[in-house]
Amino acid sequence: MTFSRPFRSLFIFVLSLSTFAIIANAQIKPGRDPNQPIDQEYTNKIREYTTAPYFNSPLTDYLPASTDIPTPKAVLGDVACAPGKLPYAEDVYKYMRMLERASPRVKVFSIGTTEEGREMIAVAIASEQLISKMEENRARLTKLADPRTINMNEAEADALVNASFPVYYITGTIHSPETGSPTALMELAYRLVVDNSPYVKSIRDSVLTLITPVVEVDGRNRMVDVYNWHLAHPNQNWPGLVYWGHYVAHDNNRDAIGLSLKLTRNVMNTYLAWKPQVLHDLHESVPYLYDNTIGDGPYNAWVDPILTDEWQMIGWNNVSEMTKFGMPGVFAHGNFDTWSPGYLMFIAATHNGISRLYETFGNAGADTVERTLSPSEYQRTWYRQNPPLPKAKWSQRNNNNYQQTALLTSLYYFGNNSKLFLKNFYLKSKRSIDKPKQEGPAAYVLPGDDPRPGNQAELLRTLQAQGVELSKATAPFTVSLRKKAGSAAPARPAASPSASPSPAPKTEDRTFPAGSYIVRMDQPYSRIADALLDYQYWAPNDPQTDIYDDTAWTMGELGNVEVVRVVDAKVLTAPMDRVTGEVRSPGGITNAGAVYVINHNADNALVTLRYRLKDVEMEAAEEPFEAAGRKFNRGSFIVRKANDEDLRRVANELGIQVYAVADAPSVKMHPLRAPRIAMMHTWLSTQDEGWYRVGLDQLQVPFAYISTQDVSREPNLKSKYDVILFAPVGRGAQTIINGLPMYGNPLPWKKTTLTPNLGGIDETDDMRPGLGWSGLQNLQKFVKDGGLFITVDDTSDFAVNYGFTAGVSVNRSQRLRAVGAILRTKPVDAASPIAYGYGDSLAMYCMNGPIFNINNGVGGRGGRPAPRATGRGTPDDPDVPQGRPPAEIPDPPARVEPWEAPPVTDEQLRNAIGLIPPNQRPRVILRYADSRDLFVSGLLDGGDEIAQRAAIIDVPSGNGHVLLFSTNPFWRGQTKGSYFLVFNAILSWDNLNAGRKLAEK
Ligand SMILES: [Zn+2]
């Protein structure tokens, strides 16, 4: 192997530092300082609550005593992670603030509040000396984080590295049933402050440890309530944690792309302000400690290779040190690919830091119990040579010992190698700035003439919240782009590379108008912008078959906003200004006149406008028209009577362009109302529907929040609601009807003095009953009475299987793998109000959505005509029965597209009992694109199974409608480009037949 000169010197530098570290490691023995007295009572309890000596380490099997610093017992009444003790977040904070008052080595900072107003904190711990230099250190780290500030000067960088100490940021209990980390972090804080052993002192003197002990504060307090309920009802089943945070459960750890949740924003802002080198998130699931940082492939394609090497270094050190302590079941690798950037810890990976994550073994509460593992958990494998025990008594204290021991070994290793990691931090930042000169691209451009300026601004604000700098062109500019392949979809690599070298890619020039946004890649946080704006390709033959999460997240496509990847470095010389302040689309009223018109471009702000001015009459134009010298799309808003001032103010605020004209256009219109919406949830899972609530709340669309149990009790739903939205549940159609099994005791979810944090979002005396048959009947009556019922993915399955949708059936997929992928859809009936504002193609999120068949008869299966049977001749020839004259073959049925119903036959018309009247037949609004155009981003395998099938169907039923989605329009705050399909349906809920052409027979 040969290295160019700068690489060789770097290599030697790295090598010498790690050699030094190994020597330093050998000099300090982990364990207590014999000259420092221990807190004997506390130490005895640690030993009592630890179920076997090998579940502890010399780092945590004692607690040093202090005369003036309180131990966690001061708040908990027992040692950290004692059986039966689970503190609320406020008690954890109370202890951290006691430490702050007692020691100059601790500072506590408020980092924001949750959706429900609870505080989040960060606790900084280091020696007095480091704490006193915290701010000047932060100034140095800020320079290392942005090497432009020191003109990329290596000597200056080295001087900064030498003068600086690193920040290691630890976050606890983002996942509420994973309960051990807050108390483990309380005790860790105490040790870092008090322990005088050379090992811990070395950490304190070399690293600033930053701790957010509770990330999901709302969920933590609900979990403590459930645990306390369990303690008070010792022989009963306890309610499952159906709500964690205000909106979502486990998916709160998938929000680092869309940044919809306050906890993500608060940790992101803390990360951006403190410039830590590590973000280390604590989880509990598999035994006993899985350092899942290294994980498994495929790795995220946009992170710096320096980072992936750091994962290996720190992760293997962790495994090695704990194995030497004799602790079983510590391993790296395992089941977790590192592809998606949606995890909280990935804030560091995509911002030049180091992302880390532990899975330790929790008992979901503070009970000590016998745990029996499955063979896959206790068997030895190549990466787990010292596996967990098949069976062991396990306590919360054991989990604490593992978490603290692992963190202490990591902090020690990090402190010992702090200069190496600080230099890496600088190098990763520098290499992010060098992106245009190295791997590219030079920039992404969001054109100034995008038809959806509101959604464009929304996407850009998300990038700003990620710390990305934006620029805006002050004049038109021209760059050279790679010529697109024939289709609108990005070029897909051929299945097998051809032997001969491919010809140079053809380029074409494109001129972007002034006002275009430019996301320059010569900035320190270029990596996150590149990762979010680029396309993803997961090969169908990838050896990783156990895919951990979504395979695609391309923000421009999901936002229905054009984003152009520009490799041509000329883009960086275009005349432009740095954007200061949040990006807003321009809004207001142009011209003067009695009638106001607003182009329907599917910008989400339009629904906010409708509800903000809910008493103002508005109409939708059913055809495109021209007015004020401009073209207006089908669906554009016509407002005849509005207070000019109110409309101007709201349009300004929402970034909506309103045009005043003298007369309304002479096209057909229907009222656009602000109907009464209900979101229906189950008591089985509220995970996916939470993303719908986030979207509706952000856009200020009011809704009632009802459960399947409410629906089972309300025979006249139509008197209360116009639209019922039933987001995916993920538990199957029968379970929606049945609910939880009725064995055992009722499972209450409500606010009581014992459980003050339950309820609030919704309440029930017993979570077990489901929708039931009465609920099903009430829902069906709601639709017959004229209501609109919107279903998605598995709730579409539910609607089809329980008879809401005559003429629609669902096929089980055999080969399809669209795993959190982005697929292209095409309009079939652009005159439907549901398609208003959309163009000739829309990319949508799909997770193996149902494959619909359409039929004009009840009970028909639809599908393609049967291929010819075995017989004489070629495939196109007719077969000929022998020994009689050939019979006349009737004309073959007209060719039917996979999204269409086969035409009505004479046989069906003879006694048309099952024939659906033309005005009650399913109306397909969007379909999946043809096979060759279907793929947009992520993993798509077996796509021909779903290609061309209906993706969104409006099914009339009685006086109402059922709207079926195979794709998911509301997902993780990432799919803002498809929200308006739902909003269109809502706003035109009583005019969905607009623009419909009926069949003759
Ligand atoms: Zn977790």
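Glycine 112 is partly exposed, because its relative accessible area of 24% lies between the limits of 20% for buried and 50% for exposed residues. The model described here is predicted.

Glycine 112 belongs to strand β1, which covers residues 106–113. Leaving aside residues up to four places away in sequence, glycine 112 touches Arg118, Glu119, Met120 and Asn266. Asparagine 855 lies 743 residues from glycine 112 along the chain, and the C-alpha atoms of these two residues are separated by 54 Å.

Strand β1 is part of an open sheet of eight strands with mixed pairing, in the order β1-β2-β4-β3-β5-β8-β6-β7. At the edges of this sheet are β1 and β7, each of which pairs on one side only. From one strand to the next, the twist averages 20°. Within the sheet, β2 and β4 run antiparallel and are joined by three bridges. Isoleucine 125 has threonine 209 in β4 as its bridge partner.

| Strand | Residues |
|---|---|
| β1 | residues 106–113 |
| β2 | residues 119–125 |
| β4 | residues 208–212 |
| β7 | residues 330–332 |

Two packed helices are described by the angle between their axes and the distance between the axes. Helix α8 (residues 181–194) packs against helix α9 (residues 198–206) at an angle of about 90°, and their axes are 8 Å apart. This angle makes α8 roughly perpendicular to α9. In the contact, Arg191, Leu192, Val193 and Val194 of α8 meet Val200, Ile203 and Arg204 of α9. By class, five nonpolar, no polar and two charged residues take part in the contact of α8 with α9.

Terms used: Residues are numbered from 1 along each chain as its sequence is written. This is a predicted model: local features need pLDDT of at least 70, side-chain atom pairs count only at pLDDT 80 or more; totals for chains, interfaces and linings use all residues. Side-chain values use heavy atoms; hydrogens and water are left out. Axes are lines fitted to C-alpha atoms, for helices over the stretch in contact, and angles run from 0 to 180 degrees between N-to-C directions. Helices (H or I, at least four residues) and strands (E, at least two) are DSSP runs, numbered from the N terminus. Angles under 35 degrees count as roughly parallel, over 145 as roughly antiparallel, 65 to 115 as roughly perpendicular and the rest as oblique. Contact means heavy atoms within 4.5 Å. Ala, Val, Leu, Ile, Met, Phe, Trp, Tyr, Cys and Pro count as nonpolar, Asp, Glu, Lys and Arg as charged, and the others, Gly among them, as polar. Buried means under 20% relative accessible area, exposed over 50%, partly exposed in between (1.4 Å probe, protein chains only). Two strands pair if DSSP finds at least two bridges between them.
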